[in-house]
Amino acid sequence: MSRTAAAAAALRRVPIGRYALLLVVISSAAAAAEVKFGGLFREAGYFVPAACVAAFLALVEAWDLAVGLLAWRDAPYLVLPEQLQLPGWLAPAGEWLAPAMLLVGIVLAHFFWL
């Protein structure tokens with residue numbers, strides 16, 4: 001295994017989900033403490049965890065791009081196929097789940113916006 005393939009394999013083993021969960025908890029606690037004791041407006045307190053999570057997701061995407069480029073160049077067996085096939089019993093849910101979640105997100109966003 002080449003050096004870059006080993007690096008790609010090592011990057012794939014990073015428990016990124018645990019770090020994301022930890023960031024959500026820490027940023028929410030920090031925002032709540034700042035609202036309670038620091039004089040931060042409540043509306044701004046809601047923004048802090050969301051901004052932290054959005055920034056973290058941007059870093060995760062950069063991490064995924066780095067892993068994909070390393071794997072594509074030296075270890076093509078680590079790269080996912082062009083399209084992931086869902087099991088037959090899950091395929092119908094894939095057709096309506098994404099639009100349904102989009103509509104739920106729009107409704108909830110308008111509910112919290114007002």
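Predicted model: local features only at pLDDT ≥ 70, side-chain atom pairs only at ≥ 80, totals over all residues.
Figure 1. S27 itself belongs to helix 2, which covers residues 16-38. With a relative accessible area of 5%, S27 is buried, because the cut-off for that class is under 20%.

**Figure 2. The side chain of S27 and the backbone of L23.** Within helix 2, which holds S27, the side chain of S27 reaches the backbone oxygen of L23 at a distance of 2.8 Å. An α-helix has 3.6 residues a turn, so residues three or four places apart point the same way.

**Figure 3. Helix 2 and the residue just after it.** Helix 2 is built from 23 residues. From its first C-alpha to its last, helix 2 reaches 31 Å, close to the 33 Å expected at 1.5 Å a residue. Just after helix 2 comes G39, whose phi is positive, at about 85°.

**Figure 4. The bend in helix 4.** Helix 4 runs over residues 91-113 and has 23 residues. The span between its first and last C-alpha is 34 Å, close to the expected 33 Å at 1.5 Å a residue. At L97, helix 4 bends by about 30°.

**Figure 5. The protein chain as the setting of the close-up views.** The protein chain contains four helices and zero strands, and its pattern along the sequence reads α-α-α-α. Of its 114 residues, 11% count as buried; S27, shown in the opening views, is a buried residue. Among contacts between residues at least 6 apart in sequence, 67% join residues at least 24 apart. The protein chain exposes about 9,300 Å², and carbon and sulfur atoms supply 73% of that area.

Technical notes:
Residues numbered from 1 in each chain as written. Heavy atoms only, no water. Helix = DSSP H or I, 4+ residues; strand = E, 2+ residues; numbered from the N terminus. Buried < 20%, exposed > 50% of the residue type's maximum accessible area, 1.4 Å probe, protein only. Polar contact = N/O pair within 3.5 Å; in protein donor to acceptor, adjacent residues only side chain to side chain. Expected span 1.5 Å × (residues − 1). Bend = angle between axes of the 7 residues up to and from the residue. Contact = heavy atoms within 4.5 Å. Areas by Shrake-Rupley, 256 points an atom, 1.4 Å probe, with all protein chains shown as cover.
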